[in-house]
Amino acid sequence: MTSTEPTAHPGAEVAVELTGSAPADAHAVFGVLHTAYASDRDRGDAPRTPDGSGARPAVWSATFDTADVRDEPRPVGLTAPVTADLQGSYQAVDGLRRTLASAFEVKVLGTSSGDQEEVVQLRLASR
């Protein structure tokens, strides 16, 4: 799936926002998710700060289609913990959370539930 291609499974989409991390750590997390799922962003689209210095806080986002799992990712190291906010249907968010748990230590920081969607905030760290 490319950025111009519509998602084939709208109910399986999960929006992922990463904060509190270096661009390289955000790229590592997105790399894990790209191993498992199609996305609205290219695999080579590396996160970077707007001014290039890395000194200012940034939020990186991508949407992943969890309907079809391509491959199970392997553990990946991070230089520091990363905060990830996941938003989508209950089943899609749970599947993406399990995928992240195959590569990182995952701690649930909070959840917000709606009628058909939920938002889950996670702390990701190296195993």
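This is a predicted model: local features need pLDDT of at least 70, side-chain atom pairs count only at pLDDT 80 or more; totals for chains, interfaces and linings use all residues.
Let's begin with the largest nonpolar core, which has 28 residues. Those that touch the most other members are Val16, Val29, Leu86, Leu96, Leu100 and Leu124. Several elements give two or more residues to this core: strand 1, helix 1 and strand 3, along with strand 4 (82-89), helix 2 (90-101) and strand 6 (117-125). Helix 1 gives the most, with seven residues.

Which residues is Val29 in contact with, leaving aside its neighbours within four places in sequence? The list is Leu18, Leu78, Val82, Leu100, Phe104 and Leu124. Two of these, Leu100 and Leu124, are also named among the core residues that touch the most other members.

Now turn to the aromatic rings. A pair of such rings is described by the distance of the centres and the angle of the planes. The structure holds one aromatic pair, formed by Phe30 and Phe64. Phe30 sits in helix 1 (residues 23-36) and Phe64 in strand 3 (residues 59-65), so the pair links parts of the chain 34 residues apart. Both Phe30 and Phe64 are buried.

Is Glu13 buried or partly exposed? Its relative accessible area is 27%, so Glu13 is partly exposed. Glu13 and Ala67 are 54 residues apart in sequence, yet their C-alpha atoms are 7.9 Å apart in space.

Terms used
Residues are numbered from 1 along each chain as its sequence is written. Side-chain values use heavy atoms; hydrogens and water are left out. Rings of Phe, Tyr and Trp (its six-membered ring) pair if their centres lie within 6.5 Å; planes under 30 degrees apart count as stacked, over 60 as edge-to-face and the rest as tilted. Helices (H or I, at least four residues) and strands (E, at least two) are DSSP runs, numbered from the N terminus. Buried means under 20% relative accessible area, exposed over 50%, partly exposed in between (1.4 Å probe, protein chains only). A nonpolar core is a set of buried Ala, Val, Leu, Ile, Met, Phe, Trp, Tyr and Cys residues joined through side-chain atoms within 4.5 Å. Contact means heavy atoms within 4.5 Å.
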